[in-house]
Amino acid sequence: MLGLMQRHELLISAILEHAARHHGDTEIVTRRADGSSVRTNYIALAVRARKLASVLRRLGVNIGDRVGTLAMNSDRHLELYYAISGSGAVCNTINPRLSHDDIAYIADHAQDGLIFCDPAFVPIVAAIAPRLEALRAVVVLSDAAAMPKADLPPGVALHCYETLMDAAAAIDAWPRLDENTASALCYTSGTTGRPKGVLYSHRSSVLSAMASNFADVLALRATDRVAVVVPMFHVNAWGLPYIAPMAGAALLMPGPKLDPASLLSLLNEERATIAVGVPTIWLNLINHLRDSGQKMETLKRIIVGGAAMPRALIEAYNQLGVWVNHAWGMTESSPVVTLNAPKVSCLKLEGEAQLNRRASQGRVVFGVDLCVQDDTGCEVPWDGHSPGNMMFRGHWIASGYYRTPQDIGDGNWFPTGDVGVFDADGFITLTDRTKDLIKSGGEWISSIAIENIAVAHPEVAEAAAIAVPHEKWGERPLLIVVPLQGCMPAPENLREFCRGKMPDWSIPDRVIVVDSIPHGATGKILKSELRRIYASAR
Ligand code: ADP
């Protein structure tokens, strides 16, 4: 017997319609490139998204068509999220910081017929356009006065976004799509090879956003003001463009300026209560606070993920009264799978044990599941010291990659390529990516564990541990550190600092102090590049 309940497809357009109807005057603030702030709200966003849907129709976009975006976080990018997906087309956000070659690869692989881009990225689009067979038009996210010139191949039209919007009439209603319709296409950031396309559906996006609002996950409230520092081209800004309107929370969009001074001014002037981004952002911000003596006036919480957040940095923010929630996920998981929020057992922990628990990547959110397996596929014990391959499955986990033969299928465990340890309370600590682990004399050494200790040194700003080849041990750890401004820690002093905090055999043989460490397109340390540079270091 079936239940007698209404059935509504889970659609992204419903999120915006809810926000417009029940939180219509809640603000969306965007910082433009010139530093000015543009203020809008959910009612205005909903009207403009419906206008944009009619622009898309006029430009020939049909259900299932891929539409590319190359843009920073802004109100216009939000309009695109809702209008493209709401119309049944697929929003293919592309990271403008990738190499031209990777951007061209993605736009070509996705077969984007249109690309919407910020004025600053027009030269990128012009450079790659001759390689994009499917491309028919480029729309610049600008008004007519600020339209740049672009040298596009014959057959590719150039449009001004606001001119198209001025001429459009809003569609009456969003189409009633099947909830399994594809909504967005994000490519992995390419830190582990050619980008691969993850094709989200309306259903997976809505379920993931709903679960993200659980009390022990992001727990956004209608009174929150959320600074979305994670870019909208990095796993749909971790779902924030859906999660915040669902809760009726205000959105603060930093635009192109992500330097710590600009960020602090956004957080303070716009009274942010929660901010979301990768560890590098929070590292730069805390150094800026120390150097400038400025304060954070309203921020209560930071949600951090994308790379391991060092324990020392979590503690530093705690001392400022800002609670840090460490989360883990991937492009393939929409992305949130785990988030660190206390259980009853955590309340009893003290000192080191409490800090270590707080620094772990957290526990699993309902709707997805995670297991840790050994190389034979058996689950390893949850004992806090047995590492294994992390595998996940669930409602917002990819079942394969777009236009790629590899198929994981429904209900099967998806291998993440990460290695982790569950403790007895179900908190997972990520020890490494499989390819970043250091194998010395048959023992695995966690690069993240070394980095965590190194950044706790009072003179260290940032650290990366990598494997370098060694004749006797196979590999040995090399530690590369960036000192805090005005400091010059001695390598021997850094090695000494590690003593007693990790087994002696995992202490790096060599420490190199450098001015900066290379970061990839989403702000993560580029270990592949470090391995290339320091391959012969001992
Ligand atoms: P890419 O795989 O190209 O870097 P993603 O943005 O999908 O693109 O990255 C996901 C990976 O980032 C994870 O597999 C994991 O290695 C790393 N990661 C994400 N969150 C964390 C975290 N909190 N701690 C450590 N690593 C993390």
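Helices here are DSSP runs of H or I with at least four residues, strands are runs of E with at least two, and both are numbered from the N terminus. By that count, Asn 268 sits in helix 10, which covers residues 260–269. The model is a predicted one, so to speak of local features a pLDDT of at least 70 is needed, side-chain atom pairs count only at pLDDT 80 or more, and totals for chains, interfaces and linings take in all residues. Residues are numbered from 1 along each chain as its sequence is written, and side-chain values use heavy atoms, with hydrogens and water left out.

Back to Asn 268: it is buried, with a relative accessible area of 14%, where buried means under 20%, exposed means over 50% and partly exposed lies in between (1.4 Å probe, protein chains only). Leaving aside residues up to four places away in sequence, Asn 268 touches Lys 295, Met 296, Glu 297 and Thr 298; a contact means heavy atoms within 4.5 Å.

Now for the whole chain. The protein chain has 17 helices and 25 strands, and 58% of its 538 residues count as buried. A compact globule of 538 residues would have a radius of gyration near 24 Å, and the 23 Å of the protein chain agrees with that; the radius is taken over C-alpha atoms, and the globule rule is 2.2 Å times the number of residues to the power 0.38. The C-alpha trace spans about 70 × 65 × 50 Å along its principal axes. Of the contacts between residues at least 6 apart in sequence, 65% join residues at least 24 apart.

Next come the helix pairs. Helix 1 (residues 12–22) and helix 2 (residues 42–58) pack at an angle of about 140°, with their axes 7 Å apart. Axes are lines fitted to C-alpha atoms, for helices over the stretch in contact, and angles run from 0 to 180 degrees between N-to-C directions. That makes helix 1 oblique to helix 2: angles under 35 degrees count as roughly parallel, over 145 as roughly antiparallel, 65 to 115 as roughly perpendicular, and the rest as oblique. Leu 16, Glu 17, Ala 19 and Ala 20 of helix 1 make the contact with Tyr 42, Ile 43, Leu 45, Ala 46, Ala 49 and Arg 50 of helix 2. By class, this contact has 8 nonpolar, no polar and 2 charged residues, with Ala, Val, Leu, Ile, Met, Phe, Trp, Tyr, Cys and Pro counted as nonpolar, Asp, Glu, Lys and Arg as charged, and the others, Gly among them, as polar.

Helix 2 also packs against helix 3, at an angle of about 60° and with the axes 8 Å apart, which makes helix 2 oblique to helix 3. On the helix 2 side, Leu 45, Arg 48, Ala 49, Leu 52, Ala 53 and Leu 56 meet Asp 75, Leu 78, Glu 79, Leu 80, Tyr 82, Ala 83 and Ile 84 of helix 3.

Helix 3 (residues 75–86) has another partner in helix 9 (residues 240–247), at about 90° and with axes 11 Å apart, so the two are roughly perpendicular. Leu 78, Tyr 81 and Tyr 82 of helix 3 touch Pro 241, Tyr 242 and Pro 245 of helix 9, a set of 6 nonpolar, no polar and no charged residues.
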